[in-house]
Amino acid sequence: MGTKLSVSLEGASTPETAPRVDRPPTFDPQYGFERPRKVREMKATWEEMEQWKLKPAQRDYCAHHLISLMKCQTQNAPFAGHACDGERGAWDKCEYDDHIMRIKEFERERRLLQRQARKEATA
Amino acid sequence: MLGNKFVAQLALQHLRNRGLVNSPSRLTFVRNRFAWGSDAVGPNVPVGGKMGASENPELHTYDGDYRGTISKGDKPIPDYFYRTPTTGRTYIDRCVTYFISAVIWAWFSYHMYYHSGHLLGHWYMPYLSEFTDEELGIPKDSAEDPEYWGNHKKEYGTYR
């Protein structure tokens with residue numbers, strides 16, 4: 001809640017150092033790390049997502065977990081709430097890790113922009 | 001003088017001629033056999049709902065009208081209330097209430113024990129300031145600058 005507000009307020013008050021949330025990162029993603037960053041791979045195929053009629057917001061890197069959950073729900077109805085605890089937990093954890101990764105990217109972008117502004121001000 | 005049985009069979013013959021009744025053995029919307037005599041007499045006991053004339057005190061009555069379970073301590077519900085509230089709940093009402101409450105509390109307790117994360121959150125959600133510069137790959141100010149691909153300083157609409 002507070003982070004969403006601060007992101008909007010910083011975007012309005014200081015747009016020079018606010019990361020754009022609707023486009024790719026503006027700095028070299030590999031800079032600043034000793035080891036090259038791992039390329040993220042999509043586990044669910046397009047045919048599987050089409051077969052299970054996933055919404056656009058559900059076609060992320062956790063789609064294979066969601067497909068397993070929907071399959072389990074279909075097979076164990078109407079006791080899916082109890083039978084599919086594992087799949088639901090796995091999907092939630094994957095979404096949480098994805099969220100952490102995305103907010104880290106946002107914070108990296110934000111700090112690099114502030115660093116750039118700081119260096120320009122001192123130079 | 002024709003009897004009722006003969007008149008009924010004659011009527012059935014007329015219906016069969018007009019095609020309304022195809023066959024005596026087939027199930028149709030028209031009754032094949034007309035009730036008369038002793039067959040038309042129904043049960044003379046209350047079997048639920050009402051039977052008989054409305055003035056008949058023996059037949060025009062309800063079967064099993066529930067006025068509370070006296071053995072469980074209920075006051076009998078009178079026939080009418082005159083400017084007074086009702087006399088509380090019955091034993092059946094209390095049992096139904098108990099059952100519904102038990103189901104709801106069982107559902108709530110189970111879900112709060114096993115699925116409390118849906119309400120309270122499963123894992124820690126950090127503030128952005130908690131991440132370190134090394135973790136995010138932020139170099140020191142003395143280091144060289146990373147490659148910049150953005151358009152923050154440009155006017156909106158002048159770039160792709």
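Q: What makes two rings a pair in this predicted model?
A: Rings of Phe, Tyr and Trp pair if their centres lie within 6.5 Å. By this rule there are 5 aromatic pairs over all chains.

Q: Why is the pair of Phe27(A) and Tyr148(B) called tilted?
A: The ring centres are 5.2 Å apart and the planes stand at 50°. Planes under 30 degrees apart count as stacked and over 60 as edge-to-face, so the pair is tilted. This pair crosses between chains, from the loop between helix 1 and helix 2 of chain A to the segment after helix 4 of chain B.

Q: Why does Phe27(A) count as buried?
A: Phe27(A) has 2% relative accessibility, and buried means under 20%, so Phe27(A) counts as buried.

Q: Why is Tyr148(B) called partly exposed?
A: The relative accessibility of Tyr148(B) is 28%.

Q: What makes the pair of Tyr96(A) and Trp123(B) tilted?
A: Their planes are at 40°, with the centres 5.2 Å apart, so the pair is tilted.

Q: How do you know that this pair joins two chains?
A: Tyr96(A) lies in helix 5 of chain A, and Trp123(B) in the loop between helix 3 and helix 4 of chain B, so the pair joins two chains.

Q: What makes Lys93(A) lie over the face of Trp123(B)?
A: A charge sits over a ring if NZ of Lys is within 6 Å of the ring centre and within 35 degrees of the ring normal. Lys93(A) lies over the face of Trp123(B), at 5.5 Å from the ring centre.

Terms used: Residues are numbered from 1 along each chain as its sequence is written. Chains are lettered from A and ligands numbered from 1 in the order in which they are written. This is a predicted model: local features need pLDDT of at least 70, side-chain atom pairs count only at pLDDT 80 or more; totals for chains, interfaces and linings use all residues. Side-chain values use heavy atoms; hydrogens and water are left out. Rings of Phe, Tyr and Trp (its six-membered ring) pair if their centres lie within 6.5 Å; planes under 30 degrees apart count as stacked, over 60 as edge-to-face and the rest as tilted. Helices (H or I, at least four residues) and strands (E, at least two) are DSSP runs, numbered from the N terminus. Buried means under 20% relative accessible area, exposed over 50%, partly exposed in between (1.4 Å probe, protein chains only).
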